[in-house]
Amino acid sequence: MDEDPFSGKTLHERLKLFLNETNEERFLFELTNFNKQVEKAENSYIASCFGSVSIHETLHQLIDRAAVCEITDVEPSEYTKDVFRGRAALSENVLESVHCLLNCLKYLPPEDVACGKTLRKISPRLLHLVSGNVVKNLWTRSSTVLKAKEVLQQLKTLYGADEYSELLQVSLRGDKYELSNPAETLYSQYLAEVKQVLTKDSWRNYPVSVASFVWVLLHTKSPYLSDYLGQVLPLPLNMVDDFAVENKIVGVRCLHHIMENVSHEELRWYGRADVVFEALKHQLYTKHASLMTVLHPALLLILSVVERPATRAHSRDTTRHDEIFKMIIYDSEMENNIHLRRSLTAHIPAFIDVMGINAVCHMASLVGLVSNYLEIYDGPEETSRLNALSVLKSLLLTVWPRVPAYAIVLLKCLLKFLYDVGADETVTPQCVKEEMTRSATECLLLLTKAAPDIVEPGLLSICGTDTPLFVRKIAGKVCETFRTSGRDS
């Protein structure tokens, strides 16, 4: 085989020749030819070139050409595949070049210091490129994603890492790849690279770099994430405050991940937890179903950081749990949009479980909310009504001492709901009807246990009337179960 397939020039010189090419089509043509030449060359020859003194600078230029993508003339909400035309082909060809070069390194002996230094020098920028293309997006295609995954696998193999989280923590100092000072890790060096473009004023112009940051962040877990908290927190906060809902959702996801993988005490340092809480709280005013779905769990998590839920109902001040819970209940009561009604009520049971007996302060509002939601048809899936039943179940289990005061209202509400389910001849699937019936029956039984002197006589009174058989059967079943299980169980 020809030991010099580069027409009398070294691999390094051949790279330099076309890196300054401004015409994208010409550049891709030259890069494709270069990749073919690399594939034909001997591994030993490629390895000798890879270990040259300044080749990392040239490889930086090559990687940056695909990794750094600035979009200034189009708003993120208007992004289409046409905006990123040519990016997938460019990234794929650059990844192919790197793949061919790294493929030769596996044949080298461990004592080859020069190639190891080059690998460590290009790894942060290479991580920037592959992490921005490893997930399907507007600027990728299936072959680009596949090639990015192959290069990631190569890096894991070369650094001896089994998981992505381990790869991010390898040391880029010394001759051995070991865990060391956080400032010397691949993740730390990567953050130093991307922060140059992901500033407060410019991050919206670099969607590929943002996607890269998010992917890497979500693959950095406890206990390692604590070392980079001050570096990774600003961008998610900026994204949450952005006007584009898509960016808000990604920002909330990132903050949720950070809160799950950093200790509460570290989040409280320097007032970071309060900053996160205020940023998330402000998003309650953005009425978007997809955002609410990720926002409410994140709020519950940050509330557990900024203050511990009160455990005693007497002599307590209003807490931030109450503040957020009251806002969610109010929004749920006032909302008419079906999708928002579903997302707003989905996590109310979790709030009740966290607040415990202190949720009694919101009892009247919750009873009114449940009654209102159970009356309104919600489409074939009946998500809002099922959510309302979940809210009622949590309420009955948690604040049962105050249930007797609302027992008659809740009994009427549940019986009317069961009547509606039994008479429903719409397109609601049978499985959904069965689920609603089961949940309503559970709530009736819990209501009977909490206020037996009120509810049981009411159920028995309808068994001898001309109420539809469907409702009478359930009333009789609840009474029978209550008596069998015992009044005090």
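Residues count as buried under 20% relative accessible area, as exposed over 50% and as partly exposed in between, with a 1.4 Å probe and protein chains only. At 32% relative accessibility, Pro429 therefore counts as partly exposed, whereas Leu59, with a relative accessible area of 3%, is buried.

The model is predicted, so that local features need pLDDT of at least 70 and side-chain atom pairs count only at pLDDT 80 or more, while totals for chains, interfaces and linings use all residues. Residues are numbered from 1 along each chain as its sequence is written, and side-chain values use heavy atoms, with hydrogens and water left out.

**Overall form**

The protein has 25 helices and 0 strands, these being DSSP runs numbered from the N terminus (helices H or I of at least four residues, strands E of at least two). Its radius of gyration is 30 Å, well over the 23 Å that the globule rule gives for 489 residues, so the protein is more spread out than a compact globule; the radius is taken over C-alpha atoms, and the rule is 2.2 Å times the number of residues to the power 0.38. Along the principal axes, the C-alpha atoms fill a box of roughly 100 × 50 × 45 Å. Of the 489 residues, 53% are buried.

Leu59 lies in helix H4 (residues 55–67), and, leaving aside neighbours within four places in sequence, Leu59 is in contact (heavy atoms within 4.5 Å) with Leu15, Phe50, Leu101, Thr118 and Ile122. Pro429, in turn, is placed in the loop between helix H22 (407–423) and H23. The table gives one C-alpha separation for each of these residues.

| Pair | Separation in sequence | C-alpha to C-alpha distance |
|---|---|---|
| Leu59 and Leu291 | 232 residues | 40 Å |
| Pro429 and Tyr419 | 10 residues | 17 Å |

**The packing of H23 and H24**

Helix H23 (residues 430–450) and helix H24 (residues 452–463) pack at an angle of about 130°, with their axes 6 Å apart. H23 is therefore oblique to H24, since angles under 35 degrees count as roughly parallel, over 145 as roughly antiparallel, 65 to 115 as roughly perpendicular and the rest as oblique. The contact is made by Leu444, Leu447, Thr448, Lys449 and Ala450 of H23, together with Pro452, Val455, Glu456 and Leu459 of H24. By class, this contact has 6 nonpolar, 1 polar and 2 charged residues, where Ala, Val, Leu, Ile, Met, Phe, Trp, Tyr, Cys and Pro count as nonpolar, Asp, Glu, Lys and Arg as charged, and the others, Gly among them, as polar.

Terms used. Axes fitted to C-alpha atoms, helices over the stretch in contact; angles between N-to-C directions.
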